[in-house]
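Here are a few exercises to work through with the model open beside you. Try each task before reading its solution.

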Amino acid sequence: MYVRELKCSRCGRRLLLSEKPLTCPSKDLGRLDIVYDYEAIAESINRDILSQRSFNMWRYMEFLPVPSRDYIISLGEGGTPLLKARRLGEKLGLRNLYLKDETRNPTGSFKDRAMSVSVSMAVYFGF
């Protein structure tokens, strides 16, 4: 688990993920930003390790707030291809323009990734 803390974007209040907060207790409507321990992530993950994992969003689990694989709820989100948009790139004067094809997610939406994390966190929170 690489989440150091959660920090309210409005009042700066700091919380632990283990407290399982949904919103800031200050009720100031600030979002809870996730603060990661990037040094620890860098020590535990590298390209070789990533290349051995399944090609989906959970291969990057260290960069997501879900504390354990035990809580993951997934329909296979992520791993969608980048497609070279040659003609659009030419029109815009860009040599290497790529578009992410999120229609290949389970519901055809870019929102699938966020919902997989959200539902997984809801399981962790006990909902």
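**Exercise 1. Find the accessible surface of the protein chain and the share of it that belongs to carbon and sulfur atoms.**

Solution. In this predicted model, the accessible surface of the protein chain is about 8800 Å². Carbon and sulfur atoms hold 53% of that area. Turning from surface to interior, 31% of the 127 residues are buried.

**Exercise 2. Compare the radius of gyration of the protein chain with that of a compact globule of 127 residues.**

Solution. Start with the reference: a compact globule of 127 residues would have a radius of gyration near 14 Å. The protein chain has 18 Å instead. Next, look at the C-alpha trace, which spans about 50 × 35 × 30 Å along its principal axes. Then check the contacts: among those with a separation of 6 or more, 46% are between residues 24 or more positions apart.

**Exercise 3. List the order of elements from the N terminus on, then work out the order of strands in the open sheet.**

Solution. The protein chain has four helices and five strands, and these run β-β-β-α-α-β-α-β-α from the N terminus. Three of the strands form an open sheet in the order E2-E1-E3, with antiparallel pairing. Its edge strands are E2 (14–15) and E3 (32–36), each of which pairs on one side only. Now follow strand E1, residues 3–8: five bridges join E1 to E3, and the two run antiparallel.

**Exercise 4. Decide whether glutamate 5 is buried or exposed, and find its contacts beyond four places in sequence.**

Solution. First place the residue: glutamate 5 lies in strand E1. Its relative accessible area is 18%, and the cut-off for buried is under 20%, so glutamate 5 is buried. Once neighbours within four places in sequence are left aside, glutamate 5 is in contact with Arg14, Leu15, Asp33, Ile34 and Val35.

**Exercise 5. Find how far apart the mean positions of the positive and negative charges are.**

Solution. Count the charges of the protein chain: 21 are positive and 15 are negative.

Key:
Residues numbered from 1 in each chain as written. Predicted model: local features only at pLDDT ≥ 70, side-chain atom pairs only at ≥ 80, totals over all residues. Heavy atoms only, no water. Pairing = 2+ DSSP bridges. Rg over C-alpha atoms; globule rule 2.2 N^0.38 Å. Buried < 20%, exposed > 50% of the residue type's maximum accessible area, 1.4 Å probe, protein only. Contact = heavy atoms within 4.5 Å. Areas by Shrake-Rupley, 256 points an atom, 1.4 Å probe, with all protein chains shown as cover. Lys, Arg positive; Asp, Glu negative; His and termini not counted. Charge placed at Lys NZ, Arg CZ, Asp CG, Glu CD.
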